[in-house]
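Let's take a look at how two parts of one protein chain meet. Have the structure open while you read.

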Amino acid sequence: MKSFPLLVACLLVGSAAVAQDASYKLETIPFPEGVPPEVGAVGFTPSGKIVVALRRSDVLIATPTEDPKKFEWSLFASGLHNACGMHIVSDKEILISQMPELTRLIDEDGDGSADIYENVASPWGMSGNYHETNHMVPDGKGGYFVAVGTASHNGPVFYNVRGEYSKVGRRGRNFSAASWKGWILHIDAEGNMTPWASGFRMHNGIYLDSKGNLWAGDNQGDWKGTTPFYHVEKGNFYGHVSSLVWDPEWNPEIDPLTLPLEEINEMKTDAAILLPHEMNRSASEPIEIPEGDVFGPYAGQILLPDNNGERIARLMLEKVDGVFQGACTQFYEAEGLHMGNNRVVFSPDNTTLYVGQTSRGWGPVAEGLQRLTYTGEAPFDIHTMSLTKTGFRLTYTGELGEGAEKVENFSFRRFRYEDTSLYGGDPLDVSEIKVTDIRKVDGKTLELDVENLEPGGWVYEMTMKNVASADGRSQRTGLFCYTVNKLKK
Amino acid sequence: MNSRNLLFLLGLLSLVAFPVAGEDRFITLSNLPMGTREKPLVLRTYFPDPGLTREVLSNHDLGYRARKYSPGKGDVDGFVDPILGIPGAIGVNFGPDLSICWDATECRLLYAWRGGFLDMTNYWGEPESGRRKGFGYIPELVGELIFVAKGSHPLGIFDQYTEILAPEFKGYRVIDGVPEFHYTVGEADVRVKIEPGTEPMSIVKHYTVKAPGEVGYYETGYKIKKTDDKDGTFSVTIQGKPVVGMGGAAEEQEYSTEKPNVEWGAALYTNLGCLACHSTDGTRGHGPTFAGLYGEEVPITGMDEKVIADDAYIEESIVNPTAKVVESYPPGYMPPYPIGKKEIKSLTMFIKTLANE
């Protein structure tokens, strides 16, 4: 059976799998024996220590070593309930979002473990449902955005509920029976809460990028036909209807599940990028690739790990007619990467991406801590796929080889998704899209004209063949999907 | 050996079978985590609810039975009932002598037990497969309940035993391994550290209260010793005792099932989950209280005449709850309990013990 791994490798070609290359080194970092590696959050302290919050309660800390097996973990804090968000202020102060609250951990006496567990804010409720985990990002002004997940029909509610209970919000596959489930809340530096945006199912990953844009992914399921990636703005509704019951403006007599689909679609803000199931099935923490080329050629782009796949997607965003949209492809897939990719952080020198994994209680067990280090050898791939008035511009990371600019090298399909009360969704209205022209703009850039370029959330899926670099390397990934919300004017 | 006694033993075994490693005691893959008197274990998680009354959980909202829902069809036949659990509490284990469940919503000690701490398997799942228990994923108490809170908040401030409504949890500070909980209520600022006392089953609460008025303490149903208040600092020692009929090991005491009896009825009241809706202390729950029910006249929805709550009425209400629904309670809330005649009689006898004299 020696040929078996080769066979598997062959089957992966042509899917979204990345070709094996020498650009990123993957290593697995063990925890002390017996410690359940269910990584709810990861971060770095100003002095360069890595901090890992485990969902069973412990917050561990270690100084990274070159040898991934030599981390010496010690306990910074313990006793937290499903900690899934973290912000490190200093070596002595760490904020954690756990099931019931946003908690500030302070190591007052400087002995390396927290003495104070301060309740910063706990404006959301708890129905008692296991699915209601939270993620959190600092707002850069001393406050926080907290993503409050909904409950699952695979679990119950309690007779005695923390916060308010809504009978109407209790209906649905994933539901919002307790206060503010399915929302992003803003908590200012004084602990005051402002409801920010609604319509989320399981936004297990929110992120504030270097330009101040707030982003959130979500998990495909009810009201999410496929995995969306949202540009989050105050006051917007993003499609999962149960959360509406907590909108102070909402008429409590109206069950949002009974609204006509057209009305929901009218109210809803579209995703900037729709990721087909081949790209991601459960978006977790997004992260922007730092400036410079210390982590490869994609500085400024956003990586989106998959909690339900052995992969991390790469997002190419642009603003078209005032609205964010763009393309996605695979950044790293399989090749030893675990499932359950949940939280990510760059090392202080930006050369290494630490990936924490967990999916216990949500799906099959997949857990651990891994790291990807850039080797300095740039991959050959499409750096950016962007929209033109007549099609797409593909900018490569390196010089294109001979003959890349052939119409027959590129195939397009387009499809759309519908968000309904049913779980997930297949691509709808799938059609082949003809490439009508192709031009080589410069040594690294191609422009393609396509038929039927239309706005309104169509996903244009592109595959390619016979494209190689001038030095003979094949393209790292084979599948790109661009979500066209608006056309270029 | 019944399952609860087995868990009790497992709790003791965990001290041997899952020794804590090194200086740092990480929460390990053991689903039976325990601390010691010197290094207590703090764990925030879902907690079992041994049948606490609405008066104790007055700052919680009520969850309700919901119609089963199908994403494709909407509401379908059948119901999904809530389960018993405490959502926002903090547990502390001091080894086999004492475990406490202190709630950050009510800001009070809800219950205490001895023998073990929690069996987390329902929630954390089996170590290898990760399989969590479906709808009943609440961790289980290991050991024997020795204190269960009753009545309103034990602390009274402002010269009266005023009810502590809407306390605000501020967090806790770990002092020599023991958390000192901090909350405010109105203008009062309260810190309380809870530890095992010197007597078996005793619990000591060390208070530091800054309040504009005098501070009083009253614990319903337990003997207490309170030290003098020195500038807002005082201690209260609660003498716990095995709690019968509330999910502790003590409930497993032998009772005969040969013929109907009160003890059997009390066990059924817990085991069948009657306690989730029907209180025994007069507080209003999802269903009418059992306190003072037997022999009284009950107003029924849709009937002009009141009905006397006698054996026949109680038997009918157990087997066919929709036949007579007490006014102001939702119809169809209680499922029928098709239990045997001896069980029904035992429950009725138990309810009778709660009648007004």
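## Where the domains meet

Domain 1 of chain A and domain 2 of chain A bury about 2500 Å² between them, with 53% of it on carbon and sulfur atoms. Buried area here is the accessible area (1.4 Å probe) that two parts lose on being put together, summed over both. A:W223, A:G225 and A:L274 supply 18% of the area that domain 1 of chain A buries against domain 2 of chain A, more than any other three residues.

The bounds, 26–374 for domain 1 and 382–484 for domain 2, come from an automatic or database domain assignment.

## About the model

This is a predicted model: local features need pLDDT of at least 70, side-chain atom pairs count only at pLDDT 80 or more, and totals for chains, interfaces and linings use all residues. Residues are numbered from 1 along each chain as its sequence is written, chains are lettered from A and ligands numbered from 1 in the order in which they are written, and side-chain values use heavy atoms, leaving out hydrogens and water.

## What links them

Across this interface the rule finds 1 salt bridge, meaning a side-chain nitrogen of Lys or Arg within 4 Å of a carboxyl oxygen of Asp or Glu. The side chains of A:K268 and A:D419 meet in a salt bridge at 2.8 Å, N to O.

As for contacts (heavy atoms within 4.5 Å), 34 residues of domain 1 of chain A touch 27 residues of domain 2 of chain A. The domain centres, taken over C-alpha atoms, are 30 Å apart.
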